[in-house]
Amino acid sequence: MNGYLVLEDGYTIHGEFHGGDAQVGEVVFNTSHSGYEEMATDPSYHSQILVLTATQQGNYGIADKFWESKNIWIRGFICLEIQNSARDSGWLHRLRNANVPVLSGVDTRSLVLHLRGAGTQWGAVVRADSEAAAQDEARRLIRTAKQERTSKATADWTKAVSRKKVEDRRGHKTTGPRVAVLDFGSKENILRELELRCREIRIYPSDTKADEILNWQPDGILLTNGPGDPADVRDGIETVKQLIAYNAGCKKERDKKFIFGICMGHQVLGLALGGRTYRLKFGHRGSNHPIRDRLLNRVYVTSQNHGYNVDIESLPTGVDVTHVNLNDQTVAGIYHREWRCLSVQFHPESHPGPHESSLLFDYFTEQGCHGSRSN
Amino acid sequence: MPRFKHVKKVVILGSGPIVIGQACEFDYSGTQACKALMREGLEVVLINSNPATIMTDPEIATRVYIEPLKEEFIRPILQKERPDAIVPTLGGQTALNLALALEKSGTLKELGIEMLGAKSDVIRAAEDRERFCRILDSVGAKYPRSKMVRSFDEAMAIADELGLPLVLRPNYTLGGGGGGIAFSLEEYKNKIALALHESPSHEVLVEESILGWKEFELEVMRDRSGTFVVICSIENFDPCGVHTGDSITVAPQQTLSDDAYQSMRDEACKIVNAVGVETGGANIQFAIHPTSGERYVIEMNPRVSRSSALASKATGFPIAKIAALLAVGYTLDEIPNDITKVTPSCYEPALDYVVTKIPRFAFEKFPGSKDSLTTQMKSVGEVMAIGRTFKESIQKAALSLERGPRGLAPVAVSEDRLATPNSERLFHIVQALRDGRSVEDLNKLTQIAPWFLEQLQQIVEFEFVISADRELTAHTLLKAKRLGFSDAAIAEIREMNERDVRDVRWRHNIRPAYLQVDTCAGEFASQTPYFYSSYWSKPAPRTATSKEAIVILGSGANRIGQGIEFDYSCVRSVQRFRTEGYHVIMVNSNPETVSTDYDTSDELFFEPLTHEHLAEVLSHTRPRGFVAQLGGQTPIQLAPMLAEDGFKLLGSSLNTIDLAEDRGRFNEICRSFQIAIPKSGMATSVNDASKIVSSIGYPVLCRPSYVLGGRRMEVIENDAELESYFDRHRDFISEKTPCLVDEFLERALEVDVDLVRGPDWHVIGGIVEHIEAAGVHSGDSMGVVPPQRLKPETERKIEEIAVRLADRLEVLGFLNLQLAIKNDVIYMLEANPRSSRSVPFLVKATSIPIVDLGVRAILGHSSAQVRPERFQWRKIDRVSVKGVVFPFKKFFEADSILGPEMKSTGETMGRGRDYSEALLKAFVASQLVLPKEGEVFLSLREKDKEELLPLARELVSMGYTLSATGGTARFLRNHQVECEEIKKVHEGRPHCVDRIRSGQVALVINTTSGRHSVEASFGIRRSCIDYSIPCITESDTAISFLTALKRSRHGEFAVEPIPQLHKI
């Protein structure tokens, strides 16, 4: 079946359409060699059409343990080739069953070079007989979707992916801390990493008020990853502001709740601290981004997936930039020592990607949370 | 962390001559490292014994020593140079071992020299299996368990513990005799009994089998701050059991989940840290069980390796250069990524393509050796290809092998070739799929991951689509090209003409796009001039270059007869063309070379060397012309087709090439010049040949036309051998390709002459006098400059002939001549209208920049511009001897006797103040042990006895004892030379082979000829190879060896850097 990906700016590329409904989303590319299933189930990819630069996808099949949430969130899967043999076409089938349009046979390099130049934008994956027909339908779909997008009610994408109810989990470490998680669209592996290091975990919906979290008396609070524009996450920002205010108001150091943000959590923290965020031209998505970590005094390779960034100029005094993306020198981590909040733009929980930065979970649960208790 | 301030002068050790397992990838890494450190302002001293390398060009380092890589020669260099540090991680195992020896003897400590890149502890930790296993235990990594057993009962107990299948490795047997794999208990019982018996110490290592597991390799780097990155993951197409150097490999890895991959990555990091690798590159090999996912560590190398060269070319990340910078103190975040310029080097390359490497073998060169792949590496070279998918890339890689324009061509399937790993297996698998065998079936048989087999199946399935198309449609054609099919393959499948396929393709405007290797999958803009073709993208218009472009055709995979020497010519000429103001474009398919380093030329196209791929590169780049004289025979053979397409061949014309290559036309010219040529004729049958022989007489030299490296060339002494020759080579002799039957000039002196001719000038690069007489391939004979035996007037005559011939052939560029001298008559043997194997050796021996002069000749520079009289090859005050190294040890059944078919893999150079010093160094550099005392065993053919009598006398007077087989012993005793007589093999035991194997013999001189005697004495030579005893098979070599022996007894030699080349 003929299919097309049509971008907002009219750029159109042909491929083989493998079923699913035509869909609209923000078109982003990821340069990881492996981890398609993790990416597709990462809530941060909500409403996005995912382009993979690695050319052959689906090679190693599927496994439930790779799922990073309970859903496939992407709105389209674009690649050069997808595994589809009698022995194994598991990945293609999973995408189809989730009604995700799959377009293969796409010259992804040309597409990526275009996105790199023109920047992230909306696009639609459609089935059509001709390029012209595809463009007509795509234009219509994109227009409708953008209208929806700008309506106040749905602007905060984290609400679409966050848990609706509080969830409790028991950690494996009985001497570990009690950690509250503010769920903006958490990847499962953040929770797994916490389970390894914590005694108790309570996961709160993204619009939970600060009081409710504080009432549970956690040792630390983790702000998760999530999709969309951080500036739209108004409830979340408000909650985090309150949490910071609580810390600022604490007389004793040990009463403060260590806050640790990841990706969206980092951006929300930045905004709550009074900073600004801005949209990157085409984001950082891949498993090979170098970070200088001044906190742990290391340089390591990280997994990244974000389209927005915290503006270094906008940060108030008292905030240290502890992590820097060495590719473009953008802010990748901040720390307010007095208010005990730390956050990173990248993904210490990896999945996909290298594991070095998981040390930050140690830092959070040991120096961070335990520090709060013992001080 | 900036560069160490205390390190101002470093020594870099090269890897010596090209051998199997250690080839020109170390020229690539050494050259890169030298360049990087020179740019840092360090004083760099390079030591290597291999003259055929770019790294031994005097410009590459502050000072270059071409000296043997042995402690006794390195120590005086270190004493003279007093460097602050030595870098042992760039010259393969040779350099590591040498550094360890220098450390152990206290030399480094005494001279205050630091080891950079890897300390001796690290080297030992990775080398010493037991230490390495303890380290693996400490990080929780698993490895194949094994135990040394000494009795049947012990063996049964361990079988219980480890479980079947089990690998048996009897201790101290060579070539794995008595070993094997046992799949059932019954088989194990039988094999263990045999193995215990076979082992001289009755010890057998019983090891858990990982045969059939998937094999992976990670190329990693670490800096002294602890930053760790994986540059490239490599997956082997061939499962465990085949040496990774002999496996088809793919990058990046394709069949592991991120979870499995990251866990392997974590383990690699732990191992690198635990072994103690402080800075630099390392590789770690893993085996992963195909279903359970269980992972074992196979081995690690704490140094730059063959796979790091591959990984560098596959990703665009210059591992060796970065390793050198890390060694002198930088950290990865301080070194900018060469390719993007804006990002740092502490990242992991992302690939939006698939790379395939296929090794190239030379089993046909070693009759008797079995084409079977094991954990002992046997390949002599490799090709790499880049495509968007595995299918596109493996088809391109198959084309790069130069087996023919079809690539994955049909074969007659043999079950045996499928079931056990061998050099042809890929082709048999593809054919089996064509024949309808299922992926499942083939997976069971080969254990190759189904994913790979499915990819091949998709290629095969499309062959049916291609042939079923009623008319070749644009749709089918585009799809075929995206799958990597060549025009020739499509033509063959459709029974069309290749040109017609191309016409259809061009009519539909289906042309390749040239995509950039940019290390980041397009995420960042980059200007790297490193490209590969693919039909997945639309061709983009080429950005104009301000300078005129020149395309240089490379030499493809290393093979015996066409190796690093040709890459030397290519790289050197690239540099020259650039200096002359051209935009130089390099095309090659060999990942091991300096020529495929993206910063060697202005643009690099990593492409198969086929007519189709080159024609596309040429029409894309629109150069002034292309150069085919530098890459050996490969480009020479492609030149006519490209010229026919209208592309301009630079330098010597097609007519010149044809005049030199066409025997008939060439002989005509020689006759007209009254240059003697061996009497000869052309035969298409044995009857023809007999007629020719009746007029010229035995011995004769037979060979098929158009060959390189003396392929299938043999000296024939009688009718029976002639018949056997025609029988064995009947597939290569036809009306179109007749067999040449030449008079064989027995005992003649051979020489190589290299010259460059411009429009109105010429420069003789030098005359290399062969040490061995005619009959030994020029690539296998040792050689000396200046000649030691040639009469001055003969030398002058040779030069005269060479110049006249070059004029007559209208050479513009290089000409290599091979001549023989017998009874003062000069015979012309062959002419090669191109740069040759001897050129780099001559450049190092004479300091004449022959390649640069060749470039000026090709560009048509005049005598007034070049002033050729400045270059006088005889004006040298040093003697240089070319030594050779052979791979016999790797081929268990191969004979080490030399003949007209080339067998050597590499060369060395000994440079001395006189002949004996040069000889000594050449022998030592070629890994020959010069025994100080002991027994010399002789077995000589009749005609050598008289000649070698003085040698025997001298050996005795030097204190050696002699032993010999019957005839030789009697002859010696008759001439009052004391000698013990030993039985020949067929005379009963203990015989001479038993004697050699007993370790009693220190040196063997065994000359022989005639098929029958050669076969009878095989055991003598083979046992020498197995026990690493020097075995001399030619009388001239024996005399030279004696000269070197005498010199070594004086123990006096000098080391010195080579001089700068003459300014051009």
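I count two residues as in contact if their C-beta atoms, placed from the backbone, lie within 7 Å. The model is predicted, so I kept local features at pLDDT of at least 70 and side-chain atom pairs at pLDDT 80 or more, with totals for chains, interfaces and linings over all residues. Residues are numbered from 1 along each chain as its sequence is written, and chains are lettered from A in the order in which they are written.

Entry: chains A and B. I found 39 residues of chain A and 41 residues of chain B in the contact. On the chain B side, helix H9 (258-275) and helix H16 (450-468) each give at least two residues; helices are DSSP runs of H or I, at least four residues, and strands are E runs of at least two, numbered from the N terminus. H9(B) has the largest share, 6 residues. By class this side holds 20 nonpolar, 11 polar and 10 charged residues (nonpolar: Ala, Val, Leu, Ile, Met, Phe, Trp, Tyr, Cys and Pro; charged: Asp, Glu, Lys and Arg; polar: the others, Gly among them).

Entry: domains of chain A. I looked up domain 1 (2-150) and domain 2 (158-374), with bounds from an automatic or database domain assignment. Their centres, over C-alpha atoms, are 29 Å apart. Each domain puts 23 residues into the contact. On the domain 1 side, strand E3 (23-30), helix H1 (36-40) and helix H3 (108-118) of chain A give two or more residues. E3(A) supplies the largest share, 3 residues. I noted 8 nonpolar, 11 polar and 4 charged residues on that side.
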